[in-house]
Amino acid sequence: MADLDGILENKDKDYGIGIPVANQHFILKGSDNLDWGMKDRLARIFNVKSGRTVMLAFDHGYIMGPTSGLERLDLGIVPLIEYADSLMCTRGSLRSVVPPTSGKAICLRSSAGSSLLTDLNNECIIDPVDAVRVNASAMAVMVAIGNQNFEAKTVENLARAVDNGYKYGVPVMGVTAVGREMARDARYFSTASRICAENGANIVKTYYCEGFAKVVNSCPVPIVIAGGKKLPEKEALELCYNAINEGAAGVDMGRNVFQSEAPAAMIQAVRGVVHDNLTPDQAYEMFRDLAKK
Ligand code: 5RP
């Protein structure tokens, strides 16, 4: 009883209004009214102090096959896992190479259906029970806004995934695809991101672009940015910095990490920008120092 009294007496000092410290800091756009399981899973993806995430994306093989840097997932990805907050991957790579003891939030690629060799956007979604089985913290579903053939199908995929997500308490990340015919501008990305959020996505993955703040401001849930094609390291760190400064809640980055000349150094430098507000110069210096080791 003495211990309990001590805790109660000190509750204002230690825990503010009695809410665990971590929760006080966990302010994630659009998540206030979600159920406990959804919040718990989001809090695994997003660092509860910074409210941001470094998501390592290595799901590329599901459409591209053995992409450069991902030929050997055990050598190319496993050593990077410790530096990520969450992992965006397919259930195939998850079960075959990711140690279940890694303790990382899994954002499970949950749509599939076609490859780079045909029409990329013709997808279906996986059984959500399998996402629960692997303890996924989110399900990622691609949406092809503006695609003449598959827009409706991919929005329906997202809607079904959201239904499933609420049934099982698993958040959904809408992944905005970019067709060859679509402009990569703020108008397109804000439209695509907003459509994902309006259809129930709890996180949106999109791309950085000029006028990115407009994309963030018109989206009621957190946005993470993909890195896109490999850039020189300094430019990739500038991209992260600009995105974070303009309101991104993190990165979902693949090629600019695993195709880097020093992937472990690169992901740590990205962490510096996302969680510690390093400038691109500071982060690049960190990258170069770590790369030498
Ligand atoms: C592939 C994806 C990737 O996960 C996404 O594009 C992020 O990777 P990158 O930073 O290499 O663009 O959705 O289908």
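**Exercise 1.** State which residues lie nearest the centre of the largest pocket, which is lined by 40 residues, in this predicted model.

*Solution.* Step 1. The model is predicted, with local features needing pLDDT of at least 70 and side-chain atom pairs pLDDT 80 or more, whereas totals for chains, interfaces and linings use all residues. Residues are numbered from 1 along each chain as its sequence is written, and side-chain values use heavy atoms, without hydrogens and water.

Step 1. A pocket is an open set of points on a 1 Å grid over the protein atoms alone, with protein on both sides within 12 Å along at least five of seven lines, and its lining residues have an atom within 4 Å of a point. The residues nearest the centre of the largest pocket are Leu-120, Val-178, Arg-184, Tyr-207 and Arg-255.

Step 2. The volume of this pocket (the space filled by probe spheres set on points joined across faces, edges and corners) is about 1,000 Å³.

Step 3. Its lining comprises 18 nonpolar, 11 polar and 11 charged residues; Ala, Val, Leu, Ile, Met, Phe, Trp, Tyr, Cys and Pro count as nonpolar, Asp, Glu, Lys and Arg as charged, and the others as polar.

Step 4. Among helices (at least four residues) and strands (at least two), which are DSSP runs numbered from the N terminus, α5, β7 (172-176), β8 and β10 each supply at least two residues of the lining. The greatest contribution to the lining of the largest pocket is that of α5, with three residues.

**Exercise 2.** Describe the second largest pocket by volume, lining and class.

*Solution.* Step 1. Its volume is about 370 Å³.

Step 1. Sixteen residues form the lining of the second largest pocket; Pro-100, Ser-102, Lys-104, Ile-106 and Val-134 are nearest its centre. Two or more lining residues come from α7 (91-97) and from β3 (105-109).

Step 2. The lining of this pocket divides into eight nonpolar, four polar and four charged residues.

**Exercise 3.** How many cavities of 30 Å³ or more are there, and what lines them?

*Solution.* Step 1. A cavity is a set of points where a 1.4 Å probe fits but cannot get out; the count is two.

Step 1. The largest cavity holds about 40 Å³. It is lined by 10 residues, and Asn-121, Ala-144, Ile-145, Asn-147 and Gly-179 are the closest to its centre. Six lining residues of the largest cavity are nonpolar, three polar and one charged.

Step 2. The second largest cavity holds about 30 Å³. Lining the second largest cavity are Lys-29, Gly-30, Ser-31, Leu-34, Leu-42, Asn-202, Val-221 and Pro-222, that is, four nonpolar, three polar and one charged.

**Exercise 4.** Where do Asn-135 and Asn-277 lie, and what is the phi of each?

*Solution.* Step 1. Most residues other than glycine have a negative phi.

Step 1. Asn-135, in the loop between α8 (128-133) and β6 (138-143), has a positive phi near 60°.

Step 2. Asn-277, in the loop between α14 (263-276) and α15 (280-292), has a positive phi of about 55°.
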